[in-house]
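Work through the exercises below with the sequence and the model side by side. Try each task before reading its solution.

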Amino acid sequence: MGFRMGIVGLPNVGKSTLFNALTRTAAAQAANFPFCTIEPNTGEVAVPDARLETLARLAASARVVPTRMTFVDIAGLVRGASKGEGLGNQFLATIREVDAVAHVVRCFEDADITHVDGRIDPIADIQTVDTELMLADLESVERRRAGLLRKLKGGDREAMVQDRLLAAAEAALAAGRPARSVAVAADDRRAWEQLQLLTAKPILYVCNVEEAAAAAGNAFSARVAEHAAAEGAAHVVISARIEEEIAQLPPAEAEEFLAALGLAEAGLDRLIRAGYALLGLRTYFTAGPKEARAWTIPAGTLAPQAAGVIHGDFERGFIRAETIACADYVAHGGEAGARAAGRLRLEGKTYEVEDGDVLHFLFNA
């Protein structure tokens with residue numbers, strides 16, 4: 001299982017440049033005018049994980065298959081998008097389909113790249129986008145609550161749950177807070193997610209800085225970091241232009257380039273890790289002579305459901321999972337060494353898979 005992250009922001013903040021870097025393509029046109037991205041571009045990228053390469057080497061795997069993540073480059077939002085301004089309706093519909101939002105914020109000055117409001121103010125930019133999304137949500141909530149009146153009069157329990165959650169969302173939105181600020185009980189989580197509110201999406205702020213600030217950030221990105229912390233959101237600092245250059249280089253040259261800039265790793269790696277943390281995702285591995293492969297699951301997934309990510313038959317006929325922690329697999333030179341050292345465990349149906357587990361599932365066909 002992967003997940004879909006939508007890249008949003010005002011026009012000319014570097015969304016398409018970042019998308020090009022992430023997908024290592026030039027599929028999204030990066031141009032200096034609003035709405036250069038009209039149809040949402042979608043790209044799948046391999047999730048980098050050094051553990052997988054190590055496991056493949058120890059297992060003498062013929063091929064290596066990383067897990068994947070999907071990025072959706074969504075055209076720039078503008079003031080009035082909630083009412084259909086620009087290409088607002090299309091933008092909002094696309095955001096509704098993603099699992100999380102990477103909000104790219106312009107944290108660089110460049111006289112050659114126009115800002116739609118004629119000034120560089122990342123917090124004001126964030127507020128512009130947030131306001132449009134909240135207005136769209138508020139309109140949706142009010143419409144849906146009105147549509148539930150007949151069912152509520154009839155005592156429909158599902159309608160009562162929906163109305164209660166919609167009322168909580170409406171109160172937050174009317175107060176100028178996104179829907180993700182609402183505390184939702186575990187029992188209501190599924191019904192809450194089915195509401196598909198735009199501002200309920202987990203958000204990651206991506207501070208797009210100039211090349212010189214790629215390592216340490218700048219005054220603009222510091223303000224975004226404070227804003228993110230205040231609302232319990234995450235943020236990363238990236239130079240989209242640097243990332244696009246790195247994406248075109250061979251691995252060895254890319255490492256040299258990063259080192260020269262004082263960067264330990266590419267922004268892509270940090271962005272994906274932040275995205276994983278945002279959605280509470282974990283990675284487990286399978287490793288053998290044919291292939292070493294990474295699989296993505298939500299935190300809290302039990303062994304049978306983790307097996308089902310590979311194939312439904314694995315979940316239906318699940319017996320047990322032979323489990324080795326990645327650190328033990330590496331420390332003992334592979335499966336045979338870990339088994340001999342007593343580091344292989346047999347886990348049953350109630351086992352919660354941990355990040356980095358190397359698993360072999362036993363099942364009845």
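Predicted model: local features only at pLDDT ≥ 70, side-chain atom pairs only at ≥ 80, totals over all residues.

Residues are numbered from 1 along each chain as its sequence is written, and side-chain values use heavy atoms, with hydrogens and water left out.

**Exercise 1. The nonpolar cores**

Task: find which residues have the most contacts inside the largest nonpolar core.

Solution: Begin with the term: a nonpolar core is a set of buried Ala, Val, Leu, Ile, Met, Phe, Trp, Tyr and Cys residues joined through side-chain atoms within 4.5 Å. Buried here means under 20% relative accessible area, exposed means over 50%, and partly exposed lies in between, with a 1.4 Å probe and protein chains only. The largest core has 51 residues, and Phe 71, Val 206 and Leu 271 have the most contacts inside it. Next, take Val 206 and leave aside its neighbours within four places in sequence: Val 206 is in contact (heavy atoms within 4.5 Å) with residues including Leu 18, Ala 102, Val 236 and Leu 271. Finally, a second, separate core has 16 residues, among them Leu 148 and Trp 192.

**Exercise 2. The cysteines**

Task: determine how many disulfides the structure holds, and where the nearest cysteine sulfur to Cys 207 lies.

Solution: A disulfide is a covalent bond between the sulfur atoms of two cysteines. The test applied is a pair of cysteine sulfur atoms within 2.5 Å, and by it the structure holds zero disulfides. For Cys 207, the nearest cysteine sulfur is that of Cys 107, 4.4 Å away. Turning to accessibility, Cys 207 is buried, with a relative accessible area of 0%, and Cys 326 also counts as buried, at 9%.

**Exercise 3. The largest cavity and the largest pocket**

Task: describe the volume and the lining of the largest cavity, then those of the largest pocket.

Solution: On a 1 Å grid over the protein atoms alone, a cavity is a set of points where a 1.4 Å probe fits but cannot get out, whereas a pocket is an open set with protein on both sides within 12 Å along at least five of seven lines; lining residues have an atom within 4 Å of a point. There is one cavity of 30 Å³ or more, and the largest cavity has a volume of about 60 Å³. Its lining includes Val 8, His 103, Asp 130 and Arg 180, and helix 4 (122–147) gives the most to this lining, with three residues.

The largest pocket holds about 800 Å³ of space. Of the 29 residues that line this pocket, Asp 99, Ala 200, Lys 201, Pro 202 and Leu 279 are the closest to its centre. Helix 7 (189–194) and helix 11 (267–279) each give two or more residues to the lining, with helix 7 giving the most, three residues.

**Exercise 4. Positive phi angles**

Task: decide whether Asn 12 is buried or exposed, and do likewise for Ala 60.

Solution: Asn 12 has a positive phi of about 65° although it is not a glycine, and it lies in the loop between strand 1 (4–8) and helix 1 (15–23). At 12% relative accessibility, Asn 12 counts as buried. Ala 60, also not a glycine, has a positive phi near 50° and is found in the loop between helix 2 (50–59) and strand 3 (63–65). At 55% relative accessibility, Ala 60 counts as exposed.

Methods. Points joined across faces, edges and corners; volume = space filled by probe spheres on them. Helix = DSSP H or I, 4+ residues; strand = E, 2+ residues; numbered from the N terminus.
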